[in-house]
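Student: I would like to learn how to read a protein model piece by piece. Could we take one feature at a time?

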Amino acid sequence: MELFTRRHVLLGVSWVLGVLAGAGGALAGVRDVLAQTPPATAGPVDPKLIEDLVAANRILADQGVVDGYGHVSVRHEKSPDRYLMSRSIAPELVTAADIMEYDLDSVPVDARGRTSYLERFIHGEIYRVRPDVRAIVHNHSPSVIPFGVTGVPLRPLYHMSAFLSAGVPVFDIRQASGGMTDMLVRTAALGQALASTLGTRPVALMRGHGAVVVGASLPLVVFRSVYTEVNARLQSQAMALGGQVTYLDPEEARLAEASVSGTAPRPWELWKKKALAR
Ligand SMILES: [Zn+2]
């Protein structure tokens, strides 16, 4: 059962031990050790996947989707309950040595003193409920922010962003948490709430914060992140002109996505070559 992870087992064991130990019992120490035991690795990863993940970080920075903040992850190729993501560092600076492995509770396998992104729960909790997703981007992509705070829906107005046709929900952390927060998805519960808002769609906005974008591969999630930002910019411009905006019809969007999504490797090849040349 996917939800019943090794860490849950360990936490369960440690809880039982804690109960048995009673107040101040000697087994409490054992419980603490078990609770801190890192998850096992799912094994080595193809260096090509690591290279693509490094490239994805730099491309997203090149394209203005991330700046000093934001992150991108990819699911482990050998185990669906592991994912890979950089340590807490600006995406443009990421190298292969910065990539860490996490379980779906977003616990690092081998931290070695490296710090993790506070909002890593976005990734673990979406991978847990979306078996179709193999790559995730979280960003503060500037042009999408107005659509998260005004109630104006983000909608596809050209063929490159046809994937937005399923609708772009807005996650409101105030509703999810039931109160005031620092706006960060810093717990598993908030990650689960965000995953629930996203549902089966490719993109969700986060009110007053940014967006999360998912896809079946790194090239596709990068493509979607770039064209979500571009669509948001173009939609603001189109609305500012004052006329009536004609968006893609759902059928146009379906046909366009079938054509365009297959071409995602083309810009990826260009973007990756430029990103890794530096
Ligand atoms: Zn964030």
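Tutor: Gladly, and we can begin with pairing: two strands pair if DSSP finds at least two bridges between them. Helices (H or I, at least four residues) and strands (E, at least two) are DSSP runs, numbered from the N terminus. Here, arginine 82 stands opposite aspartate 103 in strand 3, and tyrosine 83 faces tyrosine 102 of strand 3. Strand 2 (residues 82–86) and strand 3 are antiparallel partners over five bridges.

Student: Before we go on, what sort of model is this, and how are residues counted?

Tutor: It is a predicted model, in which local features need pLDDT of at least 70 and side-chain atom pairs count only at pLDDT 80 or more, while totals for chains, interfaces and linings use all residues. Residues are numbered from 1 along each chain as its sequence is written.

Student: How many helices and strands are there in the secondary structure, and what is the strand order of the sheet?

Tutor: The protein has 10 helices and seven strands. The open sheet of seven strands runs in the order 3-2-1-4-7-6-5, with mixed pairing. Strand 3 and strand 5 (170–171) are the edges; each has a single partner strand, so one side of each has no neighbour in the sheet. Helix 7 (residues 188–198) packs on this sheet and touches strand 5, strand 6 (203–206) and strand 7 (210–215).

Student: Is strand 3 mostly covered or exposed?

Tutor: The rule is that a residue is buried if 20 or more other C-beta atoms lie within 10 Å of its own, exposed if 12 or fewer, and partly exposed in between, with C-beta atoms placed from the backbone. Strand 3 (residues 99–103) is mostly covered, with four of its five residues buried. Across the protein's 278 residues, 40% are buried.

Student: What about the nonpolar core?

Tutor: In soluble globular proteins, nonpolar side chains tend to be buried together. A nonpolar core is a set of buried Ala, Val, Leu, Ile, Met, Phe, Trp, Tyr and Cys residues joined through C-beta atoms within 7 Å. The largest one here has 63 residues, and those with the most contacts inside it include Ile136, Leu194 and Val221. Helix 8 (residues 218–241) gives this core its largest share, eight residues.

Student: Which residues does isoleucine 136 touch?

Tutor: A contact means that the C-beta atoms of two residues, placed from the backbone, lie within 7 Å. Leaving aside residues up to four places away in sequence, isoleucine 136 touches Val72, Ser73, Ile122, His123, Ile126, Val212, Val214 and Val221.

Student: How do I read helix packing?

Tutor: Axes are lines fitted to C-alpha atoms, for helices over the stretch in contact, and angles run from 0 to 180 degrees between N-to-C directions. Angles under 35 degrees count as roughly parallel, over 145 as roughly antiparallel, 65 to 115 as roughly perpendicular and the rest as oblique. Helix 3 and helix 10 have axes 9 Å apart, at an angle of about 95°, and they are therefore roughly perpendicular. Ala55, Arg58, Ile59 and Asp62 in helix 3 meet Trp271, Lys272, Lys274, Ala275 and Leu276 in helix 10.

Student: At what angle do helix 8 and helix 10 pack?

Tutor: Their angle is about 90°, with the axes 9 Å apart. Pro219, Val222 and Phe223 in helix 8 meet Pro265, Pro267 and Trp268 in helix 10.
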